[in-house]
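Open the model in a viewer that lets you select by chain and residue number. The stops below say what to select next and what is there.

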Amino acid sequence: MSDGLVWLGTPAFPQAARKALTDTQLRRNLRKATGTIRDKRLRVSAELDDWEQLRDSAAALKLRTLRHLDRYLEQLEASVTAAGGTVHWAADAAEANRIVVELVKATGGPDGGTREVVKVKSMATQEIGLNEALAAEGIAAYETDLAELIVQLADDRPSHILVPAIHRNRAEIREIFRTRMADVPAELTDEPRALAEAARLHLREKFLRAKVAISGANFAVAETGTVLVVESEGNGRMCLTLPETLITVMGVEKVVPSFADLEVFLQLLPRSATGERMNPYTSAWTGVHEGDGPSTFHLVLLDNGRTATLADQVGRQALGCIRCSACLNVCPVYERVGGHAYGSVYPGPIGAILTPQLAGVGRGSEDGADSLPFASTLCGACYDACPVKINIPEVLVHLRAKVVDAKRGRTVPTMESLVMRAATQVLAAPGRLSMAQKAGALGGRLVGRGGRIGPLPGPFHAWSDTRDLPVPPAESFRAWWQRTHPEETGR
Amino acid sequence: MSSRETMLGRIRAALADVPAEERPEDVPVPRDYRRSHAGADVVGRFAERVADYQATVRLVAEPELAAALGAALTERGARQVVVPEGFRAEWLPAGPFTVLSDDPQLTTGQLDATDAVLSTAALGIAETGTLVLDGGPGQGRRALTLLPDYHLCVLRADQVVGDLPEALERLDPRRPLTFISGPSATSDIELDRVEGVHGPRTLDVVVVTEPGRSKEE
């Protein structure tokens, strides 16, 4: 059910959030998980007294890469090809899916091709809905990351970039395994160790017989053609090592200039992601290696809205994201509503700036992506946590303006634009403002209760239902000043 | 027009604000972070950090090495042990287990049925408690250190470097590289780390101390 960047049929953020907030189980699960990871991240990042210098370096490296992206991609293509790999370019999701499907079919020879692939967790392949595209061609795609497996078995959607099943607790995971996993061990408990063991048994045979694996990439080095996958469980190593054919789909922004640049990112990523000094396994390969691992390697370079994002000088910094999820784990909005409310494979603060840009801001808000830049209190915790210093609040405000601008040309004005037009009139003339303040003070006292204004009837309810206002004071500052300083009120 | 030309064209159009004469190196990248956080006692730090991942670390003088490896394999109950090409003959342990060679290559099924692998490493990283394998002598192809459930890894004390920057400058990116930090693990259930998923569930590391030098060095 991981059907692409923006999930069709899901409501806009405000409606989805209201529903999610009533799910107390979800809120408990998220509070526990994000709380655990926040403490661990702070502990291991505090061990490095040059954490800020590493962040500055990472941000500069991403800026350098993005400003010269064409050059680095051409260099990457040349170095991967020289090392025995094949590079493909995919302008959009449909083209990427078509390329991968053809490559999988081509592995089978005359007897029809491989009917199954094993997959390493990859945001890019979720974004393009690759599993659905493969299924449509009769090819089964087995997710091998534990959290992805949980989501796939439950026919659920991912709710977190790093841990897609973060919304499930151990008891729920046990229940999913018991009801959906054909070879589930009898007497399965909800001990995480037992659940991990069940996943090991379930996937072992699939790893051993797989002919084709599909992965994403955390980094790809332009200078050398080296591609990296950062993981924990060993499912990545299985997929990257055992099958004969490896197909890697990566967003174009994942390229880094040189091998030495990895010294910055590999210090920042594990500490920001799982709060570990280093993740259990990182695999790095360069093309194909004689006698070791896949004999065929394909690298698919994916655009799918990235070049459009690059064209926005404020918004392009979102492409620096290394998918660590630190911004999700510190976000007060994400912690309360969870990932599904964002209606996209990229939830949380980074999703709120990445999803609308990849989808195209103001392309019509029917899909809900335009509501995402507003899904934030602008508290800035995400900016502080980001290891590559993406100024998420800055991009949020910028995108809000773009969404509003996109609505400006409509023939039927929105309620918001009518209110703003009225406010312009009022604020442009002191006399009108003073009259409005008097009316507001009177009206406020009429509808207020106990010093607060609660939900209002009529056209104001959309705004006032989720906000309490203090009743306006009986006298405005301007009125008070005029009354008490008559000699200074010359004009 | 091919998608390659389409995408490169879109990128160039998107970057219209970047001056044509700007080169990548004109974008300054500050490099004032540390080359290492590990301090002088890198072997001590390495041992401490590997142990944090629920892996064991032993410091052994070279003359006792073969015996120590044999004891570790016996203690873990290994019956077949695969030892990659290039593992030094004088380090080879003896004990109640069969030593398998990967020449000719074992099948995936045979490897999966093998209890243990005894390998060397290209280097160790102290600050993060990481082993790096690059397929060099005694390390073998990547599947060898992946399918057996028990990985016993030997490296010399002088192969331990302080931190990632020092490690990367010694590694050759043209080789297949595997960075290993503890046994396989997952944080996917309630974001709490538990050890033991698809990769080896048990990792023991033996650091060979140099002859004539004390353990503390």
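This is a predicted model: local features need pLDDT of at least 70, side-chain atom pairs count only at pLDDT 80 or more; totals for chains, interfaces and linings use all residues.

Residues are numbered from 1 along each chain as its sequence is written, and chains are lettered from A and ligands numbered from 1 in the order in which they are written.

**Domains of chain A.** Select 13–306 for domain 1 and 415–488 for domain 2 of chain A; the bounds come from an automatic or database domain assignment. Their C-alpha centres are 52 Å apart.

**Chain B.** Five helices and 12 strands make up the secondary structure listed for chain B (DSSP runs numbered from the N terminus: helices are H or I with at least four residues, strands E with at least two). Along the principal axes, its C-alpha atoms fill a box of roughly 70 × 45 × 40 Å. The radius of gyration of chain B is 22 Å, whereas a compact globule of 217 residues would have one near 17 Å (taken over C-alpha atoms; the globule rule is 2.2 Å times the number of residues to the power 0.38).

**Where the chains touch.** The contact involves 77 residues of chain A and 63 residues of chain B (two residues are in contact if their C-beta atoms, placed from the backbone, lie within 7 Å). Select 51–67 of chain A: this is helix H3, which gives nine residues, the largest share of chain A's side. That side has 38 nonpolar, 22 polar and 17 charged residues (Ala, Val, Leu, Ile, Met, Phe, Trp, Tyr, Cys and Pro count as nonpolar, Asp, Glu, Lys and Arg as charged, and the others, Gly among them, as polar).

Which strands of the two chains form one open sheet? Eight strands do, in the order S8(A)-S5(A)-S6(A)-S9(A)-S9(B)-S6(B)-S5(B)-S8(B), with mixed pairing (two strands pair if DSSP finds at least two bridges between them). In chain B, S5 (123–125) pairs with S8(B) in the parallel sense over two bridges, and Ile125(B) is partnered by Val161(B).

**The sheet within chain A.** Six strands of chain A form an open, parallel sheet in the order S1-S10-S7-S4-S2-S3. S1 (86–90) and S3 (140–143) are the edges. Select 116–119 and 212–215 of chain A: S2 and S4 are parallel over two bridges, and Lys119(A) stands opposite Ile214(A).

**A helix pair.** Select 415–428 and 430–447 of chain A, helices H19 and H20, whose axes lie 5 Å apart at an angle of about 115° (axes are lines fitted to C-alpha atoms, for helices over the stretch in contact, and angles run from 0 to 180 degrees between N-to-C directions). H19(A) is therefore roughly perpendicular to H20(A) (under 35 degrees is roughly parallel, over 145 roughly antiparallel, 65 to 115 roughly perpendicular and the rest oblique). Gln425(A), Val426(A) and Leu427(A) of H19(A) meet Arg432(A), Leu433(A) and Ala436(A) of H20(A).

**Two backbone details.** Most residues other than glycine have a negative phi, and most peptide bonds are trans. Select Asp103(B) and Pro104(B): a cis peptide bond joins them, with omega about 5°. Pro104(B) sits in the loop between S3 (98–100) and H4 (108–112) of chain B. Last, select Asn304(A), a non-glycine residue with a positive phi near 45°, in the loop between S10 (296–302) and H13 (306–310) of chain A.
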